[in-house]
Amino acid sequence: MANPKHEYYETLGVPRKSDAEEIRKAYRKLARKYHPDLNPGDKSAEERFKNVQEAYDVLSDPKKRQMYDQFGFYSDSGFAGAGGPGAGQGPHPNMDFSGFDFSDFAGGAAGGGRRAQTAGAGGFRDIFSQFFGGRGAEAQPEPEKGGDLEYVMDIDFWQAIKGTTARVNITRYEVCETCHGTGSSGTGEVTCPQCKGTGHVSQMAGAMKFNLTCPRCGGSGKLSNACPTCGGDGRMTRTETVEIRIPPGARNGSRLRVPGKGNAGTHGAPPGDLYITTKVEEHAFFHRDGDNIEITVPLAVWEAGLGAKIEVPTIDGRTQLKIPQGTSNGQKFRLREKGVLNTRTNQRGDQIVEVAIQAPDPHDERTRELLREMAKLHPNDPRAEIWSKV
Ligand SMILES: [Zn+2]
Ligand SMILES: [Zn+2]
C-alpha cells in the first residue's frame with residue numbers, strides 16, 4: 001500500500017509529541033487539501049491523500065499509535081488481496097481499500113460527491129481495531145506489574161485443622177532467564193515467533209479469514225535484537241511446583257497470599273501475587289462453624305433420664321462429657337477450647353455437642369413391661385403444656 005516507509009508524523013507534519021487534537025487538525029487540513037474531489041485527475045494528490053488518511057488512521061487510534069511508536073510501523077492492512085506473500089491462502093473477499101471515511105470532515109469537503117464507500121471503510125476499520133487491540137496490549141512497552149493468580153486447593157478436614165504443606169503445580173509467566181526480562185538479546189536477528197518467519201498471520205473475523213501482515217515484525221519475519229528464548233516478551237510461561245503452607249485452622253474459603261508468585265511483570269516490573277483459596281472437605285461427624293466444632297451424639301433414654309458420663313469424640317481424641325439428669329433431646333453442651341486453633345488469636349474455639357435421644361425400640365417382653373410400668377407411674381399427658389397454650 002501507499003506510504004511504505006510509514007512516516008506518519010512527517011506525513012501529517014506534526015511533531016511526535018503531538019496530542020490527539022493537533023493530529024486531528026493537521027489531518028483535516030491536509031485531507032481537504034489533497035481531497036480527490038478537489039484535485040481531479042491529480043495522481044500525486046491522490047497518493048498524498050491516501051498517505052494522510054493512513055497516517056491519521058494509525059495516529060488517531062491510541063493503541064495503534066502506541067504500537068507504531070514502539071515498533072516504528074503499524075501493520076498497514078496487509079490483505080492477501082494486495083498480492084503479498086500470503087496471496088492464494090484460500091478465498092477472500094475482494095477488498096477495496098481506496099474507500100475513505102469522509103464523514104469526519106464532510107462539512108468542509110467541497111462537492112462531496114463520493115461518499116458511497118464510507119460505510120465499508122468504517123467497517124473494516126472496526127475489524128482492524130478488533131484485531132490489533134488485543135495484540136497492541138500484548139506488546140505493551142511500559143513496564144507493567146504482573147497479574148495475580150488464583151488457585152483453589154482442596155484439603156481434607158484434618159489437613160485444615162492441623163495445617164499442612166502441599167505442593168501445587170502453577171503455570172505462570174516467569175522472567176525469561178536468557179534476557180532477564182529485557183526481551184532483548186543484544187545480538188543479531190531472530191525469527192519472529194508470532195508468524196514463525198512467514199511475515200503474515202491469518203485471522204478469523206466471523207466467517208471471513210483475513211491474511212494480515214504480522215503486526216509483530218511488520219512482515220519481515222524477523223525481529224532484530226529480540227531474545228530468542230522468549231521472542232522479545234521478556235517472559236515465558238512455566239509450570240512450577242510451589243510449596244504452600246496451610247496454617248492450622250484454615251477455614252473453607254480461606255484465601256492465602258503468596259507474595260511474588262503471580263505472573264512476572266513485563267520489562268522488569270514487579271510480579272503479581274499468588275492466591276490460594278482452600279476448599280475444605282466436610283467431615284462425616286465433625287462440622288466446622290468457624291473455629292467451633294459441632295457434633296451430634298446419640299443418647300440413650302436412661303442416660304438422658306438418669307444422667308451419665310459419656311465419652312464423645314473431639315478433634316483431640318475422646319473426652320468425657322457429663323450429661324445431667326433429665327436432659328432433653330436436642331440439648332447442647334459446650335466443651336470449652338476443644339475447637340479449632342485460631343492462629344491469629346492463638347485461641348481455640350469450642351466444641352458444641354448436641355444430644356439426640358434415641359427412643360427405645362423394644363424387641364423383648366421385659367423392656368415393654370418396664371416401659372408400661374413407667375407409663376403407669378406418669379399418667380400425665382406429656383403434651384399438656386401444648387394444650388394449655390393452643
Ligand atoms: Zn528472553
Ligand atoms: Zn512476524
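Start by selecting Y8, L12, L59 and Y68: they have the most contacts inside the largest nonpolar core, which has 21 residues. A nonpolar core here is a set of buried Ala, Val, Leu, Ile, Met, Phe, Trp, Tyr and Cys residues joined through side-chain atoms within 4.5 Å. Buried means under 20% relative accessible area, exposed over 50%, and partly exposed in between, with a 1.4 Å probe and protein chains only.

Before going on, bear in mind that this is a predicted model: local features need pLDDT of at least 70, side-chain atom pairs count only at pLDDT 80 or more, and totals for chains, interfaces and linings use all residues. Residues are numbered from 1 along each chain as its sequence is written, chains are lettered from A and ligands numbered from 1 in the order in which they are written, and side-chain values use heavy atoms, leaving out hydrogens and water.

Helix α3 gives the most, with 7 residues. Helices (H or I, at least four residues) and strands (E, at least two) are DSSP runs, numbered from the N terminus.

Next, the rings. The whole structure holds 6 aromatic pairs; rings of Phe, Tyr and Trp (its six-membered ring) pair if their centres lie within 6.5 Å, with planes under 30 degrees apart counted as stacked, over 60 as edge-to-face and the rest as tilted. Zoom in on Y8 and Y68, a tilted pair at 4.6 Å centre to centre with 35° between the planes. Y8 sits in helix α1 (residues 8–12) and Y68 in helix α4 (residues 62–71), so this pair ties together parts 60 residues apart in sequence.

Ring pairs join Y8, Y9 and Y68 into a cluster. How buried is Y9? Its relative accessible area is 2%, while Y68 is buried at 4%.

Keep Y68 selected and show its contacts (heavy atoms within 4.5 Å). Leaving aside residues up to four places away in sequence, Y68 touches, among others, H6, E7, V58, L59, F73 and Y74.

Then jump to the second, separate core of 19 residues, which includes I161, I323, V353 and V355.

Last stop: select R235 and Y173, where the charged end of R235 sits over the ring, 4.0 Å from its centre. That label needs NZ of Lys or CZ of Arg within 6 Å of the ring centre and within 35 degrees of the ring normal. R255 likewise lies over the face of Y275, at 4.1 Å from the ring centre.
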